[in-house]
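Subject: Structure for your review

Hello,

Here is the structure I said I would hand over. My notes on it follow below.

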Amino acid sequence: MAGLSLRRSRLNRHLRELTREIRVHREQLIQPLFIVDGIQRPEPVDGIQSVYRDTPESVLPQIEADLEAGIKKFLLFGVPGRKQERDFDHRFTSLQIAAIKEQFGEDLWLAADVCLCSHTTHGHCGMLNDAGDYVRNDATVAELARAALSYASAGADCVAPSDMMDGRVAAIRAVLDQNDLERTAVMSYAAKFQSHFYGPFRAAANSAPAAGNRLSDRASYQLDPARPTDALRSARRDAAEGADILMVKPGLPYLDVLAELTAAVELPWAVYQVSGEQAAIDMLAERGLADRDAAQRESWTAFVRAGANAIISYAARRAVV
Ligand code: PBG
């Protein structure tokens with residue numbers, strides 16, 4: 001027994017291109033944006049190349065450059081200048097949404113992240129009880145619905161709740177529909193795990209749980225990495241509550257979950273390649289231990305192979321696909 005069998009179709013680049021089953025298009029990519037209140041000039045996000053904490057002024061030419069590069073979908077994180085415990089002020093982010101949509105209109109698709117972690121004094125994704133040991137569910141959901149209404153009224157094409165409270169998708173869908181905003185989509189962070197890969201994001205969004213909190217981490221609301229069936233229930237629940245797009249987050253450590261959920265729940269699926277994953281790739285490349293563009297493409301290919309339709313990626317704007 002000798003000779004080629006499986007290798008024949010891998011021998012040259014043309015055949016490899018012809019026989020490929022998975023392709024990544026820049027149309028699938030969503031670029032995160034940070035706009036920060038009260039800073040004078042854009043600041044690089046620590047650990048990630050070509051991503052900035054933008055000012056309201058600097059974000060506009062950044063988006064223009066991204067559109068020229070063929071990236072037209074964005075996920076916006078507004079970082080307000082003032083921390084509060086209640087009666088949150090959603091105007092800063094809403095003003096940025098209005099300015100972006102005023103300048104670029106239908107040339108782009110703008111999703112706004114909906115959460116309270118950048119707003120709260122303690123850094124949790126919702127409002128704490130008096131004892132400080134529980135994130136109140138329904139009070140938080142009411143506040144998230146107010147934020148979503150404000151962002152959608154300002155012109156966001158999509159609102160994306162990332163808080164992990166129960167019932168927020170239904171509450172947001174209801175408030176949008178009651179206010180003539182039935183065209184605004186909801187992208188739910190349905191399977192968002194309590195991960196240790198969120199570090200660079202929390203620094204950029206000023207949203208880490210504060211030192212000295214009684215509740216030190218997000219384990220009482222984000223999913224347990226060791227309990228994947230909870231992700232399936234969460235996805236089914238959010239689908240039933242009216243989500244238009246569901247998400248798995250992080251990406252590479254949860255490819256098994258992505259593959260299982262995309263097969264089980266027939267909605268469009270996004271995956272979020274989070275800040276720590278991005279920093280890992282960028283640091284490998286910086287130290288000469290990986291080809292940056294090729295490693296990036298490999299990870300995006302894995303997401304599409306596992307069933308993702310859309311990919312949220314900090315590297316979207318430098319995509320070589
Ligand atoms: C929180 C939120 C997080 C991210 C987006 N929204 C993480 C967290 O739980 O602190 C993480 C994104 C990333 O790491 O890139 N609402």
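A residue is called buried here when its relative accessible area is under 20%, and exposed when it is over 50%. Please keep in mind that this is a predicted model.

Helix 8

Helix 8 spans residues 255-264, and its buried residues are V257, L258, L261 and T262. Those four span an arc of only 120° around the axis, so they sit on the same side of helix 8. An α-helix has 3.6 residues a turn, so residues three or four places apart point the same way. On the other side of helix 8, D256 and A263 are exposed.

S94

S94 belongs to helix 3, which runs over residues 91-104. Its relative accessibility is 10%, and because the cut-off for buried is under 20%, S94 counts as buried. Leaving aside residues up to four places away in sequence, S94 touches S150, Y151 and A154.

Pockets

The largest pocket has a volume of about 310 Å³. Its lining is made up of 17 residues, and M164, D166, S220, Y221 and Q222 are the ones nearest its centre. Helix 7 supplies the largest share of this lining, with four residues. By class, the lining of the largest pocket holds seven nonpolar, four polar and six charged residues.

The second largest pocket holds about 210 Å³ of space. The residues lining the second largest pocket are E85, R86, H122, M127, L128, N129, D130, G132 and R136. They divide into two nonpolar, three polar and four charged residues.

Cavities

How many cavities of 30 Å³ or more does the structure hold? There are three of them. The largest cavity contains about 200 Å³ of space. It is lined by 19 residues, of which F77, D113, C115, C117 and F201 lie nearest its centre. Strand 4 (73-79) and helix 6 (199-205) are the elements that give two or more residues to the lining of the largest cavity. Strand 4 gives the most, with three residues. The lining of the largest cavity divides into eight nonpolar, six polar and five charged residues.

Regards

How values were computed:
Residues are numbered from 1 along each chain as its sequence is written. This is a predicted model: local features need pLDDT of at least 70, side-chain atom pairs count only at pLDDT 80 or more; totals for chains, interfaces and linings use all residues. Side-chain values use heavy atoms; hydrogens and water are left out. Buried means under 20% relative accessible area, exposed over 50%, partly exposed in between (1.4 Å probe, protein chains only). The arc is that of the directions from the helix axis to the C-beta atoms. On a 1 Å grid over the protein atoms alone, a cavity is a set of points where a 1.4 Å probe fits but cannot get out, and a pocket is an open set with protein on both sides within 12 Å along at least five of seven lines; lining residues have an atom within 4 Å of a point. Grid points are joined across faces, edges and corners, and a volume is the space filled by probe spheres set on the points. Ala, Val, Leu, Ile, Met, Phe, Trp, Tyr, Cys and Pro count as nonpolar, Asp, Glu, Lys and Arg as charged, and the others, Gly among them, as polar. Contact means heavy atoms within 4.5 Å.
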